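Here's a quick look at the aromatic rings in this structure. Have the sequence and the 3D view open as you read.

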Amino acid sequence: MTTTIEAPVRSYAEHAQPLWRRLLLTREAAVIALLVAVVLYSIANVPNFDGPLTLTFLLLDTMPILLIALPMTLVIVTGEIDLSVASVVGLSSVLLGVLHEAGLPMTAAAVVALLAGVVCGALNGFLVAYVGLPSLAVTIGTLALFRGLAVGLLGTKAVTDFPDSWTDLATAEIGGTGIPRVMVLFVVLAVVFALLLHFTSFGRGIFDIGLNAEAAHFTGVNVERTKLTLFVLSGAVSALAGIYYTLRFGSARGDNATGLELQVIAAVLLGGVSIFGGRGRLHGVIAGVLLIGVISSALRLESVTVNVTNIIIGLLLVASVMAPSVLAALSGLAARRNRPPSDEASNPQIPPVGVETQGR
């Protein structure tokens, strides 16, 4: 007698986790919950945290990080990194000041500063994507290169005579809400980057590259062009952040935004993006940036020094990076403990699907 064993047909939904688990039991949800808890605690316990100016200055101070974190998220998801973003901020700031001081209209000077950011990003992208150099080494080198160009162009002096109409634009509020107008620009860019990353084939290619660049290449993803595009976006948005930074503080200096790249990377990793690539969501990154901003603002109002603030944020970042590995190890341990002992005598091997077995 010939018998055929057929496996039951199961749908994708039966294999997937419940929707509530996919929404709530994630690193992004944990960061958002922590942000809400810190905000509520600060309102209740930190003097003047709920004042009318706190929200305004919080958003103004975190705006450069919010802007640069958008393209940085995409870059890190591919498994690369861009450490030159703060130097691009400084270079674009200096170009804006030098060109304005030379008599060029502000609009034209801003366009040149943006184009300089595009060129900087293209240089990084070409060396990483087409030459094949590691992004860590490349962007450390260009970090020094771009910062050196910024300091060389302007020296130790600063340009401060910017038109009031431009400096006021960087700090103006939407009505009496306390929300800066520049938030409109950020929201537009955040929507564009979210759609690009999560709802397009280009975004799926970004995740594929982060998981396995070679496999992504064989599935039709243009790995080199994708990486070049992301580094160009990183340079352009960093230059935009440099223009904002200059107008926000009314000063163009060669050392503007020094060390900003570490804050950006810390916020991105805190927001749930894997440093190894292949995982990350923009809403978690935005929550991570705001969480760092809220902690810094609350501690500043409590007269806590910057060094202590950096220690707290550093410990939080280390904990967020370690959490997935610790949880995975605990889950594996629990699974092994709950696994029933194997008994080959009482559980005979089942032949594969569709394999015929002979019997009498």
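Let's start with Phe249, which is partly exposed at 48% relative accessible area. This is a predicted model, so keep that in mind as you look around.

What sits over the ring of Phe249? The charged end of Arg248 does, 4.7 Å from the ring centre.

## Two aromatic pairs

How many aromatic pairs turn up in a search of the whole structure? The search finds 2. One of them is Phe126 with Tyr130, a stacked pair with 6.2 Å from centre to centre and 25 degrees between the planes. The angle counts as stacked because it is under 30 degrees.

Where do these residues sit? Phe126 and Tyr130 belong to helix H6, which covers residues 106-130, and they are 4 residues apart, so about one helical turn separates them. Phe126 has 44% relative accessibility, so it counts as partly exposed. Tyr130 is partly exposed too, with a relative accessible area of 45%.

## The tilted pair

Tyr245 and Phe249 also pair up: their ring centres are 4.9 Å apart and their planes meet at 50 degrees, so this pair is tilted. Both residues lie in helix H12 (residues 223-249), and again the spacing is 4 residues, about one turn of the helix.

Is Tyr245 buried or exposed? Tyr245 is buried, because its relative accessible area is 19% and the cut-off for buried is under 20%.

Note on methods. Residues are numbered from 1 along each chain as its sequence is written. This is a predicted model: local features need pLDDT of at least 70, side-chain atom pairs count only at pLDDT 80 or more; totals for chains, interfaces and linings use all residues. Side-chain values use heavy atoms; hydrogens and water are left out. Rings of Phe, Tyr and Trp (its six-membered ring) pair if their centres lie within 6.5 Å; planes under 30 degrees apart count as stacked, over 60 as edge-to-face and the rest as tilted. Helices (H or I, at least four residues) and strands (E, at least two) are DSSP runs, numbered from the N terminus. Buried means under 20% relative accessible area, exposed over 50%, partly exposed in between (1.4 Å probe, protein chains only). A charge sits over a ring if NZ of Lys or CZ of Arg is within 6 Å of the ring centre and within 35 degrees of the ring normal.
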